[in-house]
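This report describes salt bridges and a helix contact. The sequence and structure come first.

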Amino acid sequence: MSLSPAPLSSARLDRFARHIVLPEVGGAGQVKLAHSHVAIIGLGGIGSPALQYLAASGIGRLSLIDDDVVDVSNLQRQTIFTTRDVGYGKAVSARRWLANFDDSLVVDVSDARITPDNAESLIRGADLVLDGTDNFATRLAVADACVAAGIPLLSAAVGRFQGQVAAFAGHLPEQACYRCFVGDAFDAEDCDTCADDGMLGAMAGWAGSFAALQAVKVLLAGTAMLGDPGWGRLHILDGLAPGMRTIRIAKDASCTACAGA
Ligand SMILES: [Zn+2]
């Protein structure tokens, strides 16, 4: 048995020709994406565009996790859903979109609500977790499970005219986790939802597609030139200016999730 991953079929080479021609991705990078597994938690404003670009980029396996149901007010920014999906589960609706888009991709779905008890089993086997959920309790449960399982986390959030995207690898000795960033105060609070503050729809598209770009960089690290996980760098997207700035997040030596990792 060969140790190198299986090559792409000629149909797949055609599909991803614009990636493969990029020296920064190349054939090796595309093969790596085809053998990658990303768990997307939250299929809302972030998860919808992220799913579209991750699927389009040929990520071989996607786990879609969301316990919510499509509401008519979601359609202003959650671009994979249509009027016909209103009232149906987001996870099964997302699977339907994916099946129409590219039936070669392996997809599994869950409509479970993420808790500290089930988070680790829901993300098991993933090479990367993309969290686009909208409350701190879920985000912290996901982040802690990622540290425990040794899986990198790409965290993305959006509200009003601002987005935030950061990659975390708290399981590594020198790298911060999401909890190093936000602290312990938010575990029980269900705040920061866009229903309260509003959100420009296209901001979700920018933040979600930027998260997909960063996800590809994480997955290609060590394989292709584009690979650069950028651990602990928080990118803040400002839709009003418009502009983007980046800050560094240091590991918290007393973090309850990752100190000692
Ligand atoms: Zn930490």
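## Salt bridges and a helix pair

Asp102 is buried, with a relative accessible area of 4% (buried means under 20%, exposed over 50%, partly exposed in between, with a 1.4 Å probe and protein chains only). This is a predicted model, in which local features need pLDDT of at least 70 and side-chain atom pairs count only at pLDDT 80 or more, while totals for chains, interfaces and linings use all residues. Residues are numbered from 1 along each chain as its sequence is written, and side-chain values use heavy atoms, with hydrogens and water left out.

The whole structure holds nine salt bridges (a side-chain nitrogen of Lys or Arg within 4 Å of a carboxyl oxygen of Asp or Glu). Three of them are listed here.

| Pair | N to O distance |
|---|---|
| Arg12 and Asp102 | 2.9 Å |
| Arg15 and Asp102 | 3.7 Å |
| Asp228 and Arg233 | 3.6 Å |

Shared partners join Arg12, Arg15 and Asp102 into one network. Arg12 is buried at 17% relative accessible area, whereas Arg15 is partly exposed at 38%. In the other pair, Asp228 is partly exposed at 37% and Arg233 is partly exposed at 25%.

Helix 4 (residues 47-56) and helix 5 (residues 90-101) pack at an angle of about 30 degrees, their axes 11 Å apart. The two helices are therefore roughly parallel (angles under 35 degrees; over 145 is roughly antiparallel, 65 to 115 roughly perpendicular, the rest oblique). Helix 4 contributes Leu51, Gln52, Ala55 and Ala56 to the contact, and helix 5 contributes Ala94, Trp97, Leu98 and Phe101 (contact means heavy atoms within 4.5 Å).

Technical notes. Axes fitted to C-alpha atoms, helices over the stretch in contact; angles between N-to-C directions. Helix = DSSP H or I, 4+ residues; strand = E, 2+ residues; numbered from the N terminus.
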